[in-house]
Amino acid sequence: MGPTNPGDMLSSPTEENAEAVEKNSPAMIFLPSQSTREVLNEMIDATNNGVALTGAAATGSMGPLIGKVEIGELKDSYYFRVSLPGVSMDKREFNCVIRADGKVTIQGILTTGEQIVSNESGVFRMLTQNLGPPGPFTVSLRLPGPVNNQEVKSHLACGFLEAIVKKM
């Protein structure tokens with residue numbers, strides 16, 4: 001089932017929809033923001049390995065998880081934030097270069113999306129893979145103007161790279 005439009009009215013799952021979801025599982029289900037917990041539970045129960053999205057996540061404006069960028073500006077500096085969920089935090093595998101002309105290049109390794117996940121609880125065969133394939137990536141962006149690339153404060157945590165760069 002595809003993303004809903006913001007003006008869509010709430011509708012309960014039909015038997016036909018539930019059968020289609022079962023045949024094509026795992027499924028991603030988009031529900032209008034006014035969905036009740038009961039409707040959400042019914043839709044999840046109708047799938048074998050479903051993921052349900054509601055509210056802003058169901059509007060279809062999510063886009064790619066890796067590389068969503070926000071840029072802000074103060075009188076003396078630029079701020080940027082890049083969405084990087086599942087990116088290795090190992091400094092040997094992550095690099096961010098900021099050039100004086102404002103071009104930013106971010107390179108790293110995406111560690112999610114694998115078919116088998118091992119942790120202290122055991123080895124899991126993943127039933128859904130919605131975060132993208134593991135491997136190297138590059139995100140490039142351009143700040144609105146030239147910068148002093150020697151005056152940068154940055155922080156990589158919780159799936160985001162945030163940086164403040166002084167303007168020239």
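Modeller: Buried means under 20% relative accessible area, exposed means over 50%, and partly exposed lies in between (1.4 Å probe, protein chains only). The model is a predicted one, in which local features need pLDDT of at least 70, side-chain atom pairs count only at pLDDT 80 or more, and totals for chains, interfaces and linings use all residues. Residues are numbered from 1 along each chain as its sequence is written, and side-chain values use heavy atoms, with hydrogens and water left out.

Colleague: Why is cysteine 96 called partly exposed?

Modeller: Its relative accessibility is 28%.

Colleague: What makes cysteine 158 buried or exposed?

Modeller: The relative accessible area of cysteine 158 is 76%. Exposed begins over 50%, and cysteine 158 is therefore exposed. Cysteine 158 lies in the loop between strand E10 (147-157) and E11; helices (H or I, at least four residues) and strands (E, at least two) are DSSP runs, numbered from the N terminus. Cysteine 158 also has a positive phi of about 55°, although it is not a glycine. Most residues other than glycine have a negative phi.

Colleague: How many disulfides does the structure hold?

Modeller: The structure holds zero disulfides. A disulfide is a pair of cysteine sulfur atoms within 2.5 Å.

Colleague: Why is serine 77 called buried?

Modeller: Serine 77 has a relative accessible area of 5%. The class requires under 20%, so serine 77 is buried. Serine 77 is found in strand E4 (residues 77-83). Not counting residues up to four places away in sequence, serine 77 touches Gly72, Ile164, Val165, Lys166 and Lys167, where contact means heavy atoms within 4.5 Å.

Colleague: What makes the pair of serine 77 and aspartate 76 a polar contact?

Modeller: Their side chains are joined at 3.3 Å. A polar contact is a pair of N or O atoms within 3.5 Å; within protein, one must be able to donate a hydrogen and the other to accept it, and residues adjacent in sequence count only if both atoms are side-chain atoms. The contact of serine 77 and aspartate 76 joins side chains, so the pair is a polar contact.

Colleague: Which residues have the most contacts inside the largest nonpolar core?

Modeller: They are Phe80, Val82, Leu84, Val104, Ile106 and Leu143, in a core of 17 residues. E4, strand E6 (103-110), strand E9 (135-142) and strand E11 (160-167) each supply at least two residues of this core. A nonpolar core is a set of buried Ala, Val, Leu, Ile, Met, Phe, Trp, Tyr and Cys residues joined through side-chain atoms within 4.5 Å. Leucine 143 is in contact with Ile71, Tyr78, Phe80, Gly102, Val104 and Val165, leaving aside its neighbours within four places in sequence.

Colleague: How do you know whether phenylalanine 137 is buried or exposed?

Modeller: Phenylalanine 137 has a relative accessible area of 13%. That value falls in the class under 20%, so phenylalanine 137 is buried. Phenylalanine 137 is found in strand E9. Beyond four places in sequence, phenylalanine 137 touches several residues, including Ile66, Leu84, Val87 and Ile106.

Colleague: Why is valine 69 called partly exposed?

Modeller: Valine 69 has a relative accessible area of 34%. This lies between 20% and 50%, so valine 69 is partly exposed. Valine 69 lies in strand E3 (residues 69-73). Leaving aside neighbours within four places in sequence, valine 69 is in contact with Arg81, Val82, Val139 and Leu141.

Colleague: Where in the chain is confidence lowest, and where highest?

Modeller: Confidence is lowest in helix H1 (residues 15-23), at a mean of 51, and highest in E11, at 96. pLDDT is the predictor's confidence in each residue, from 0 to 100. The mean pLDDT of the chain is 76, and 61% of its residues reach 70 or more. Over residues 1-13, pLDDT stays under 50.
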